[in-house]
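I opened this notebook to keep track of what I looked up, in the order in which I looked it up.

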Amino acid sequence: MAEENMVEIDLEKEMAQGKVKTRTISGMKIPYVEVNGYWLPALSAPEQDDDFHLTHWGEEHLAWLEENQELREVNLITSGMMADYLTNIQNEAEKRMEITMAQMAKAEGVTEELKKQDQMEWVRRMEGIQARAREIVRAEVIYQ
């Protein structure tokens with residue numbers, strides 16, 4: 001998103017100078033501010049949760065949104081729902097990863113018994129399962 005064109009407006013100061021008009025649209029009062037002879041809506045994004053932490057799944061999905069779904073990204077930001085949305089994506093991806101790896105390990109006979117008998121073989125096979133599970137999660141959760 002191009003933030004270099006954004007203007008910071010002190011709405012209370014502008015109101016005191018009489019540079020603010022209010023218009024009701026769909027039952028919502030929207031303030032308009034005069035800037036260089038133009039009346040622009042004085043909109044701001046809701047505050048985001050400061051404790052929010054992105055995992056690699058959240059970062060990957062956010063990058064995909066920025067590149068492929070710009071309107072969706074803007075809507076999530078302006079509605080204040082981005083943190084909740086990415087948290088849900090992260091949780092879904094982690095759960096899907098765990099389930100997929102367990103199913104694949106079971107189907108391929110990668111068991112605790114194999115781990116006891118031949119640790120290197122177990123690691124090799126689990127790394128392969130993990131790589132394939134990541135691709136499934138990307139296709140089914142991250143890039144949707």
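**Entry 1: the chain as a whole**

I noted before anything else that this is a predicted model. I then went through the secondary structure of the protein chain and found six helices and three strands, which run α-β-β-β-α-α-α-α-α from the N terminus on. For burial, I looked at the 144 residues of the protein chain and recorded that buried residues make up 26% of them. The accessible surface of the protein chain comes to about 10,700 Å², and I wrote down that 50% of this area belongs to carbon and sulfur atoms. I also looked up the contacts between residues at least 6 apart in sequence, of which 54% join residues at least 24 apart.

**Entry 2: Glu60**

Is Glu60 buried or exposed? I placed Glu60 in helix α2, which spans residues 56-68, and I count Glu60 as buried because its relative accessibility is 18%, where the cut-off for burial is under 20%. Leaving out residues up to four places away in sequence, I found that Glu60 touches Arg138, Ile142 and Tyr143. With the side chain of Tyr143, the side chain of Glu60 makes a polar contact at 2.8 Å. With Arg138, the side chain of Glu60 meets in a salt bridge, with 2.5 Å from N to O. Since Arg138 lies in helix α6 (residues 119-142) and Glu60 in helix α2, this pair ties together parts that are 78 residues apart in sequence. I checked burial on both sides of the pair and noted that Arg138 is buried, as is Glu60.

**Entry 3: the salt bridges**

How many salt bridges does the structure hold? I recorded five, and I followed some of them residue by residue. Arg138 turned up again, as its side chain also meets that of Glu135 in a salt bridge of 2.8 Å, N to O. Glu135 and Arg138 are three residues apart in helix α6, so about one helical turn separates them. I noted a relative accessible area of 48% for Glu135, which is therefore partly exposed, while Arg138, with 18%, is buried. Taking these pairs together, I found Glu60, Glu135 and Arg138 linked in a network of salt bridges.

I then turned to Glu121, which has its place in helix α6, and saw that its side chain meets that of Arg124 in a salt bridge of 2.5 Å, N to O. Arg124 is exposed, with a relative accessible area of 52%, whereas Glu121 counts as partly exposed at 23% relative accessibility. I also took the C-alpha to C-alpha distance between Glu121 and Val110, which are 11 residues apart in sequence, and wrote down 9.2 Å.

**Entry 4: the buried residues of α6**

Which residues of α6 are buried? I listed Trp122, Met126, Ile129, Ala133, Val137, Arg138, Val141 and Ile142. Looking for what covers these residues, I found that the cover includes α2, α4 and α5 (112-117).

Thr100 is buried, and I noted a relative accessible area of 5% for it. Apart from neighbours within four places in sequence, Thr100 is in contact with Ala133 and Ile136. A polar atom of the side chain of Thr100 lies 2.7 Å from the backbone oxygen of Arg96.

**Entry 5: α2 against α3**

My last look was at a helix pair, for which I kept in mind that two packed helices are described by the angle between their axes and the distance between the axes. The axes of α2 and helix α3 (residues 70-79) come within 6 Å and cross at roughly 120°, so I recorded α2 as oblique to α3. On the α2 side the contact is made by Trp64, Leu65, Glu66 and Asn68, and on the α3 side by Glu70, Arg72, Glu73 and Leu76.

Terms used: Residues numbered from 1 in each chain as written. Predicted model: local features only at pLDDT ≥ 70, side-chain atom pairs only at ≥ 80, totals over all residues. Heavy atoms only, no water. Helix = DSSP H or I, 4+ residues; strand = E, 2+ residues; numbered from the N terminus. Buried < 20%, exposed > 50% of the residue type's maximum accessible area, 1.4 Å probe, protein only. Polar contact = N/O pair within 3.5 Å; in protein donor to acceptor, adjacent residues only side chain to side chain. Contact = heavy atoms within 4.5 Å. Salt bridge = Lys/Arg side-chain N within 4 Å of Asp/Glu carboxyl O. Areas by Shrake-Rupley, 256 points an atom, 1.4 Å probe, with all protein chains shown as cover. Axes fitted to C-alpha atoms, helices over the stretch in contact; angles between N-to-C directions. Parallel < 35°, antiparallel > 145°, perpendicular 65-115°, else oblique.
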